[in-house]
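User: Please take a close look at the interface between the two chains. I would like the contacts first and the extent of the contact surface after that.

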Amino acid sequence: MEAILQVKNLNKTFKLSRKQRKLEGGAAYKRAVDDLSFTAYKGEIFGLLGPNGAGKTTTLRMLATLIKPDSGDAVIDGASIVADPYGVRSKIGFLTSELKLEDFFTPNYLYDFFSKLYNVPEETATARKNKMFSKFGIDKFAEVKVANLSTGMKQKLSLVISLVNDPDFIIFDEPTNGLDVLTAKTVTDYLVEMRGEGKTIILSTHIFSLIEKLCDRVGVIIDGRLVALDTLANLTAEKNLEDKFFDLYKSVKGEMQ
Amino acid sequence: MKTVLTIIKKEFARFFKDTRLWITALILPGLLIFALYNIMGSIIESEVEKGADETCTAYIVNMPDSQSAAYSAIFDIKDDYTNQTAEDALKDGKLDLIIVFPTDAGKIQIKYNSAETKSQTAYALAVAMVANYDIVDLADEQSVARTILSTVVPMVLLMLLFSGCMAVAPESIAGEKERGTIATLLVTPVKRSHIAVGKIAALSAIALLSGLSSALGMLLSLPKLAGSVGGGISFAMYGFGDYAAVLGVILSTVLILVAVISIVSAYAKSVKEASGLVVPIMILVMLCGVFSMFAGTVASIGLYFIPVFNSALVISNVLSGAVNTAGIAITVCMNVAFAAVLVFVLTQMFKSERIMFNK
């Protein structure tokens, strides 16, 4: 198996606000990601599983070069997130609910705009747009302002636009959050389809069923640390993923409150 | 370069395709200023006419027969007052002046009401009469007009440009940050410097148009406003070089203003916060306009190295007819250099996760 992503000793701390300090027992800093290392291989769907606040989103944002690690590095398809963030950005697609599209513009305009920013040749961009728009049913709304689209349609458009550069490495933060069952299925089906094309997908979620349905390998993150990393088959060999996760959680945090 | 153009085009599309936005930023300022100045002109004109139409009324005590004809020619002399009722009438503004001639060798007493414009006029007339002066104003109309313009225009112009910048910059940067659309831009492989340059170029062009709209409104209403205070203002007073110098200085000033407001907007968490944070800067810019009135044409060359203030100085110089070529050159160079520094700062801010994602 060929490694496409190598995460090496990634660390990230955030400064806490005064109010948060009181809640966290006086510490001025919170370690969001603690010495995280893992590898993802070409053509697999890699899942990061963890509770809210475990550091999944922070990890993915570092991989997408939106924020910088305090120390450590990750290399995606030969480009380092620290030394060559522009190189990384052109190789990846990043989708999270944090990235919004401007309400004022139409899907058509936004797709062309982002294609140009990624330097996609015009003909390729048009062909890709037609294909993706019809696949996700955006073609009927291509000239409707984003503001007037339904939540599901907005999500689909965000997905399509995050892939304007047809990347081989795709990062998804909570891919099905806030989606109705139909849209969620469209998205997960497409993830499987992309894996079939040899693309690598790394996604984060706290939904066990999503991991069981999609992922080849799983990393479990608790309190910023990787507490387990294995294939889905190995992790669920003895018991189901949910029970396995709670076992891990207990061993790290003690009995749950 | 191509990505810079793409960003510029997007900013233009955002602005010009939004009818409401360009009406409020481009049409309204000019229209409002035009209407406002015309109304002001009409009011001043009617006030001036009121004063000019009626002769001032005066109650004169012990008028020597020899002076009677001369005073009657200037004042409308009222006899139906006593000394006491005359003073009350003066206080109430019904009478403009009381003159009391001495019965012996004492002084002439003039009573007037400084709260009333007409009474002030009457007072000036009386003083001239008593002293037997003949007052002649030698200033020609054009130089009066130049002086008025050179003191008023720099400040007004700076304010108009500033509000033009305010109409677009916070929305485009703090607004994008607030709505989370800037993050979408930041995950693309576009260089941060290209985003900064593209945004500032596009916003400057729009702000300039907005400033132009205000300036047009001001210029078109100037004849009405100027006519009311004696006229003498005409566009032919200035040559092509003067207009070119003013335009160049305005361009470089808009770059700075847009860049400064963009930096504040990048720092702010929302459009609302940006508008609040900008207020101290607006006051500084206003002060630049105010101080340029006092610096006048004798300003030392060192003052031309202060961005924005130098713009006010140059505009004031040009309008007063004293073109300072070295000053203009220094101003444009300084402003462009300063704007470049600001673009660099904005680029660094786009690179900073603490600034771009501080929610």
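Analyst: The side chains of A:Glu102 and B:Arg14 form a salt bridge, with 4.0 Å from N to O; the term stands for a side-chain nitrogen of Lys or Arg within 4 Å of a carboxyl oxygen of Asp or Glu. Across the interface of chain B and chain A the rule finds three salt bridges. This is a predicted model, in which local features need pLDDT of at least 70 and side-chain atom pairs count only at pLDDT 80 or more, while totals for chains, interfaces and linings use all residues. Residues are numbered from 1 along each chain as its sequence is written, chains are lettered from A in the order in which they are written, and side-chain values use heavy atoms, with hydrogens and water left out.

Helix H1 (2-16), helix H6 (141-179) and helix H7 (181-186) of chain B each contribute at least two residues to the side that touches chain A; helices here are DSSP runs of H or I, at least four residues, numbered from the N terminus. H1(B) gives the most to that side, with eight residues.

In total, 27 residues of chain B are in contact with 24 residues of chain A, contact meaning heavy atoms within 4.5 Å. The two chains bury about 2500 Å² between them, 65% of it on carbon and sulfur atoms; buried area is the accessible area (1.4 Å probe) that two parts lose on being put together, summed over both. On the chain B side, B:Val187, B:Pro189 and B:Glu353 lose the most area to chain A, together 26% of what that side buries.
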